[in-house]
Amino acid sequence: MIQHIIPHSLVCSSGLNFLDLMVRQGNLENPPKCPAVMGYECAGIVEALGEGVTGFEVGAHVLALSNLGAWCELVSVPAKHCFQIPMRMSFEDAAAFPINFLTAYIMLFEIGNLKKGKSVLVHSAGGGVGLAVAQLCKTVENVTVFGTASPHKHDTIKEHFDHLFLSGSDYTAEIRKISPSGVDIVLDCLCGDDTNKGIALLKPMGKYVLYGSSNIVTGETRSFFSSAKAWWQVDKVNPVKLYDENKTVGGFQLLRLLYDQNQPELIQETMATLLDMFANDRIKPVIDSCWAFEEVRPGQVNVMDGILYRRQI
């Protein structure tokens with residue numbers, strides 16, 4: 001409805017992350033039909049307000065979530081998916097902020113019930129969500145953070161993690177050496193055999209959360225073989241065994257929560273908390289690189305190269 005829409009926001013920066021690669025390859029459950037404008041998050045300046053919109057002014061600096069279409073000079077978004085940014089937040093930081101930190105926060109605190117003294121394992125630790133998870137864990141007392149990442153990322157991200165392991169290594173054995181009983185929370189964006197390893201690694205009362213399936217991305221184009229292999233490797237989850245071992249298995253899909261399941265209150269409350277954390281210097285996006293809009297293709301290749309490098313380890 002137009003009265004709830006901010007019809008014109010001048011986009012100054014847009015986010016580019018792994019989700020965009022999934023869209024590009026058609027690896028989502030319901031990929032958009034071409035032609036389509038990509039992009040799920042952006043930041044910019046409000047140029048006009050729809051009838052009845054309150055809480056915003058023309059000229060305000062905002063970040064926004066968009067169900068595609070964020071890679072544009074102008075976007076129209078529902079007011080409920082638009083958020084005024086702190087004065088010290090750059091447009092680059094704002095564009096890299098919402099998807100990664102919303103995903104990380106909801107998994108850790110809404111699903112995982114993270115508390116002091118707990119331990120967390122996150123895969124793809126060098127990605128946007130992985131680094132957001134690490135920073136948010138450090139806001140809670142005495143939380144141990146384990147991560148897996150490609151070797152070329154270790155030097156850059158090691159300061160954010162207590163223990164960092166190579167992607168594709170026998171990380172479960174290494175974690176058991178440090179924490180024989182396992183970990184409290186596993187956040188898995190890989191799927192495949194890593195799902196089985198993650199569930200097995202849980203402590204009693206532990207929680208495993210699947211939030212992606214990047215193991216199916218093995219090249220520039222979609223591979224049905226990789227998709228089938230990833231799902232074939234996942235053991236059948238036995239609820240009786242979960243009951244017997246006091247373990248919880250779940251999943252999280254931010255886009256579905258945003259656009260199909262209509263949970264604006266949760267998103268708005270979480271974003272308010274996150275923006276306050278940013279304003280108080282407790283969290284900050286880690287940006288790999290910035291590209292001009294005309295360079296969006298090499299920008300995507302840059303992200304893809306990191307994924308394929310991990311596959312070759």
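Biologist: Which residue forms a salt bridge with Lys-203?

Modeller: In this predicted model, local features need pLDDT of at least 70 and side-chain atom pairs count only at pLDDT 80 or more, while totals for chains, interfaces and linings use all residues. Side-chain values use heavy atoms, with hydrogens and water left out, and residues are numbered from 1 along each chain as its sequence is written. A salt bridge here is a side-chain nitrogen of Lys or Arg within 4 Å of a carboxyl oxygen of Asp or Glu. With its closest N and O atoms 3.7 Å apart, the partner of Lys-203 is Asp-184.

Biologist: How many residues apart are Lys-203 and Asp-184?

Modeller: The pair joins distant parts of the chain, with Lys-203 in strand 10 (residues 202-210) and Asp-184 in strand 9 (residues 183-188), where strands are DSSP runs of E with at least two residues, helices are runs of H or I with at least four, and both are numbered from the N terminus. Lys-203 and Asp-184 lie apart by 19 residues.

Biologist: What is the relative accessible area of Asp-155?

Modeller: The side chain of Asp-155 meets that of Lys-158 in a salt bridge of 3.8 Å, N to O. Asp-155 counts as exposed because its relative accessible area is 63%.

How values were computed. Buried means under 20% relative accessible area, exposed over 50%, partly exposed in between (1.4 Å probe, protein chains only).
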